[in-house]
Amino acid sequence: MSGRMRLRMLPENTGILRSPLHFENADVGGEMVIFNQEKCILCRKCMQDCYPQAIQKENEKMTVSGECMLCGHCVAICPKGAVSICDYEDEPEEYIKEKFQIESDNMLHMIKFRRSIRNYREKIVEREKLEMMIEAGRYTATVSNRQEISYIVVQDKKNELKHMVLKKVEQYVNGENAVQWQEKLFRNASVIIYIVGDNAINAGLAAQNMELMAATLGLGIFYNGYLTKISGSFTEIREFLQIGEKEIQLCFMAGYPAVEYRRTAPRKKPEILWM
Ligand SMILES: Cc1cc2nc3c(=O)[nH]c(=O)nc-3n(C[C@H](O)[C@H](O)[C@H](O)COP(=O)(O)O)c2cc1C
Ligand code: SF4
Ligand code: SF4
């Protein structure tokens, strides 16, 4: 008996296997997913790759009748380009090996060579580079394809934010301490990027892809736990950032590094259980 059959035969209240297949914001019945019947060759690849098993073949046509999480796997896998999702505006990019392939040695080297950058050159970060970083965040995996992450990029109004944050900090510390806090919170980064959403893992994963993207653009970042905490804790700052009831999951500073690292930093050996 196939996995598909077994799942279908489970009674409604067998929560253990059914629950992961219910999605928030699901497109029930797949009204958003369009199959071009003229292009479709009924190969079933879309059906086999659909995680929630929402696609069926009925009367020699592919249709969506279950809960669809709009993950786009059917669009991505179809050999004939017969599937589209009307909820999304961007055109899918065709796979071109040279464009997509990265040498694994280079990839690992870049990950190892990445450092938290806490000293920056006085240089504005170009909008196109920031947009590429956000694009890297946008294409990151999210729990149940929620895609709930949003971004706040503070560059032009950085001094306004800085002033507001330091005023709050000064209520709790003074004198030399306040100067140290200014240093700790802002360094001399050009940009502050907030990642807002309801899931810390989604935000963390997006941020990591953004950091790697930044590295390829000659930029550096450091994650800023203190600023994340302070920014989310005061109404005035939350209002300034226009986040409403949403949660700041993390923020990082970014800019052109003023430091040059000559080698990788040592790390502990990983604890691994090979079984
Ligand atoms: C924290 C986390 C947990 C996930 N858990 C599952 C899972 O249990 N089973 C699964 O098939 N996919 C899981 N996914 C994958 C998401 O469903 C997937 O990222 C999303 O549908 C978008 O598809 P894509 O990653 O191919 O772009 C998880 C993703 C994240 C970020
Ligand atoms: S978008 Fe994802 S969940 Fe929806 S039908 Fe296509 S593969 Fe299935
Ligand atoms: S993958 Fe494309 S061609 Fe194959 S069945 Fe699905 S829609 Fe049709």
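Colleague: What separates glutamate 131 and arginine 127 in helix H7?
Modeller: The two residues stand four apart in H7, so about one helical turn lies between them. H7 covers residues 127-138. A helix here is a DSSP run (H or I) of at least four residues, a strand is a run of E of at least two, and both are numbered from the N terminus.

Colleague: Why are the side chains of glutamate 131 and arginine 127 called a salt bridge?
Modeller: The term needs a side-chain nitrogen of Lys or Arg within 4 Å of a carboxyl oxygen of Asp or Glu. For glutamate 131 and arginine 127 the N to O distance is 3.4 Å, so the pair meets the definition. The model is a predicted one, in which local features need pLDDT of at least 70, side-chain atom pairs count only at pLDDT 80 or more, and totals for chains, interfaces and linings use all residues. Side-chain values rest on heavy atoms, without hydrogens and water, while residues are numbered from 1 along each chain as its sequence is written, and chains are lettered from A and ligands numbered from 1 in the order in which they are written.

Colleague: What makes arginine 127 exposed and glutamate 131 partly exposed?
Modeller: Buried means under 20% relative accessible area, exposed over 50%, and partly exposed in between, with a 1.4 Å probe and protein chains only. Arginine 127 has 61%, so arginine 127 counts as exposed. Glutamate 131 has 44%, so glutamate 131 counts as partly exposed.

Colleague: How many salt bridges does a search of the whole structure find?
Modeller: The search finds eight. One of them joins arginine 114 and glutamate 211, at 2.9 Å from N to O. Arginine 114 sits in the loop between helix H6 (104-113) and H7, glutamate 211 sits in helix H10 (residues 200-216), and the pair links distant parts of the chain, 97 residues apart.

Colleague: Is glutamate 211 buried or exposed?
Modeller: Glutamate 211 has a relative accessibility of 4%, and therefore counts as buried.

Colleague: With which residue does arginine 187 form a salt bridge?
Modeller: The partner is glutamate 183, with the closest N and O atoms 3.7 Å apart. Arginine 187, at 27%, is partly exposed, and so is glutamate 183, at 43%. Elsewhere, salt bridges with shared partners join Asp90, Glu135 and Arg138 into one network.

Colleague: Why is H9 called roughly perpendicular to H11?
Modeller: Two packed helices are described by the angle and the distance between their axes. The axes of H9 (residues 176-186) and H11 (residues 225-233) cross at roughly 105 degrees and come within 8 Å. That angle makes H9 roughly perpendicular to H11. Axes are lines fitted to C-alpha atoms, for helices over the stretch in contact, with angles from 0 to 180 degrees between N-to-C directions. Under 35 degrees counts as roughly parallel, over 145 as roughly antiparallel, 65 to 115 as roughly perpendicular, and the rest as oblique.

Colleague: Which residues in H9 and H11 meet?
Modeller: Trp181, Lys184, Leu185 and Phe186 in H9 meet Tyr226, Leu227 and Ile230 in H11, contact meaning heavy atoms within 4.5 Å. This set divides into six nonpolar, no polar and one charged. Ala, Val, Leu, Ile, Met, Phe, Trp, Tyr, Cys and Pro count as nonpolar, Asp, Glu, Lys and Arg as charged, and the others, Gly among them, as polar.

Colleague: Which residues in H11 are buried?
Modeller: They are Leu227, Thr228, Ile230 and Ser231. Their cover includes H9, helix H8 (158-170) and strand E8 (191-196).

Colleague: What is noted about the phi of glutamate 60?
Modeller: Most residues other than glycine have a negative phi. Glutamate 60 has a positive phi of about 60 degrees and is not a glycine. Glutamate 60 lies in the loop between strand E3 (55-58) and strand E4 (61-64), and at 54% relative accessible area it is exposed.

Colleague: Which residues surround ligand 3?
Modeller: Among them are Phe35, Cys40, Cys43, Arg44, Lys45, Cys46 and Cys78. A residue is near a molecule or strand if one of its heavy atoms lies within 4 Å of it. The shell around ligand 3 divides into ten nonpolar, no polar and two charged residues.
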